[in-house]
Amino acid sequence: MSEGAVTVLVELTEEKGIEPVSRECLAMAGKIAGACGTKLAAVVMGNAIGDAAGEVSRYDIDTVYTLDHPLLECYESELYEAAFLQFYTIARPCGILMGHTLLSIDLAPRIAFALGTSLVTDCTGFEYGAEGLCFIKPVYSGNIYASLLIRGEPFMATIRLKSEEPALPSQKRHVEIVRVPVELDRTGAAIEVLERVVGENRGADLQSADIVVAGGRGIGSAEGFELLKNLAGMLGGAVGASRPPCDLGWVSPAIQVGQTGGIVSPSVYIAVGISGSMQHIAGMAGAKTVVAVNKDPAATIFKIADYGVVGDFREVMPAFTGAIRDRRKGGTTQGNRT
Ligand SMILES: Cc1cc2nc3c(=O)[nH]c(=O)nc-3n(C[C@H](O)[C@H](O)[C@H](O)COP(=O)(O)OP(=O)(O)OC[C@H]3O[C@@H](n4cnc5c(N)ncnc54)[C@H](O)[C@@H]3O)c2cc1C
């Protein structure tokens, strides 16, 4: 492997904090750098990101590169690609890791193409052995895991959220902060962003939520989702959906879970009125505990559920929320905790 660092593209939240998946990437990149005997770096892109760079420099890495430019305020494919390639020319990383997010799904292939290198997407782990570096990723809707051997540099991978324990701030080594001068303009841009809509129920919230309450076709209408929103609100979780409610316009497509939607790995996944198709399970198989509510006792979802309730969600959901309310009030003999 060359002398360049294994480098993480650290994504920032709307509030310019570090996205949780980027902290996981830092942890995984640190292990890869340790195994390969290379340095670890991070690159932060945006506008007025001094504080964010300072925050990133609290982690156990060698170098934080900042690409700070007014045109990087919000993600735009061509501008971010151009800025990243300018960074690449200066830093020459041996490998690039990004979270498997909406941003990287767009940006990573662009960069890989521009650099003429390969990219492994949606990875959940890595192996480093005699043959070299392999990235591990679920394939065939998560039914098997493939191990892909990397050839050439820089290697590139996007990492699925909740695949790794997030890195914690630590001051083990001296961190150098390098401001990379970037020159950007929109001349010749093929894409123009007309409007940015930041919704209440963003896919990003769903992906980082510890509890997900997801509804399917069985919910029957947009109004039916209000019951799910109540429960999610009480539990501090997020609402997800199978594909039909998104296609039917009951909920935003941003919250679709599954093969062609987002991948979630919460501690608890409550599937309501969802039959349990292979394409849906592909998006939530990583959940630690699955609770299913379905009126059909033969529904496939019960095969993978840890807890199942056979019944109509219109009766079951108010019973759930009522029981939680009672417990919080200390109204049951089983204590106050939910
Ligand atoms: C290429 C491809 C990609 C796809 N990608 C995705 C994807 O990313 N995500 C995804 O989810 N799907 C995806 N699908 C669609 C997938 O195949 C299924 O059609 C879909 O997951 C079914 O959604 P569902 O379980 O909500 O609906 P259904 O299969 O119709 O199930 C509805 C369930 O609700 C139950 N129900 C009905 N009324 C009630 C009630 N009152 N109370 C309780 N339960 C009730 C029923 O018993 C039933 O089990 C994809 C399909 C293809 C071909």
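Student: Which helices and strands supply at least two residues of the shell around the ligand?
Tutor: Helix 7 (243–247), helix 8 (278–284) and strand 14 (289–294) each do. Keep in mind that this is a predicted model.

Student: And which one gives the most to that shell?
Tutor: Helix 8, with three residues.

Student: How many residues surround the ligand, and which are the closest?
Tutor: There are 26 residues around the ligand. The closest are Gly 216, Gly 218, Ser 242, Gly 258 and Ser 275.

Student: How does the shell divide into nonpolar, polar and charged?
Tutor: Of the residues in the shell around the ligand, 15 are polar, six are nonpolar and five are charged.

Student: New topic. What does the domain assignment give for the chain?
Tutor: It gives domain 1 as 6–179 and domain 2 as 203–328. The C-alpha centres of domain 1 and domain 2 are 31 Å apart.

Student: How many residues does the contact take from each domain?
Tutor: Seven residues come from domain 1 and twelve residues from domain 2. On the side of domain 1 that touches domain 2, three residues are nonpolar, two are polar and two are charged.

Student: Now the helices. At what angle do helix 6 and helix 10 pack?
Tutor: Helix 6 (residues 225–235) and helix 10 (residues 313–328) pack at about 20 degrees, and their axes are 10 Å apart. Angles under 35 degrees count as roughly parallel, so helix 6 is roughly parallel to helix 10. The crossing of helix 6 and helix 10 is left-handed.

Student: Which residues make that contact?
Tutor: From helix 6, Leu 227, Leu 228, Asn 230, Leu 231 and Met 234. From helix 10, Phe 313, Met 317, Phe 320, Thr 321 and Ile 324. By class, the contact of helix 6 with helix 10 has eight nonpolar residues, two polar and no charged ones.

Student: What about helix 3 and helix 4, how do they cross?
Tutor: The axes of helix 3 (residues 77–91) and helix 4 (residues 102–115) come within 10 Å and cross at roughly 50 degrees. Helix 3 and helix 4 are therefore oblique to each other. Helix 3 passes helix 4 in a right-handed crossing.

Student: Which residues meet there?
Tutor: Helix 3 brings Ser 77, Tyr 80, Glu 81, Phe 84, Leu 85 and Tyr 88. They meet Asp 106, Leu 107, Arg 110, Ile 111, Ala 114 and Leu 115 of helix 4. The contact of helix 3 with helix 4 has eight nonpolar residues, one polar and three charged.

Note on methods:
Residues are numbered from 1 along each chain as its sequence is written. This is a predicted model: local features need pLDDT of at least 70, side-chain atom pairs count only at pLDDT 80 or more; totals for chains, interfaces and linings use all residues. A residue is near a molecule or strand if its C-beta atom, placed from the backbone, lies within 6 Å of it. Helices (H or I, at least four residues) and strands (E, at least two) are DSSP runs, numbered from the N terminus. Ala, Val, Leu, Ile, Met, Phe, Trp, Tyr, Cys and Pro count as nonpolar, Asp, Glu, Lys and Arg as charged, and the others, Gly among them, as polar. Axes are lines fitted to C-alpha atoms, for helices over the stretch in contact, and angles run from 0 to 180 degrees between N-to-C directions. Angles under 35 degrees count as roughly parallel, over 145 as roughly antiparallel, 65 to 115 as roughly perpendicular and the rest as oblique. A crossing is left-handed if the near helix is turned anticlockwise from the far one by less than a right angle, and right-handed if clockwise. Two residues are in contact if their C-beta atoms, placed from the backbone, lie within 7 Å. Domain bounds come from an automatic or database domain assignment.
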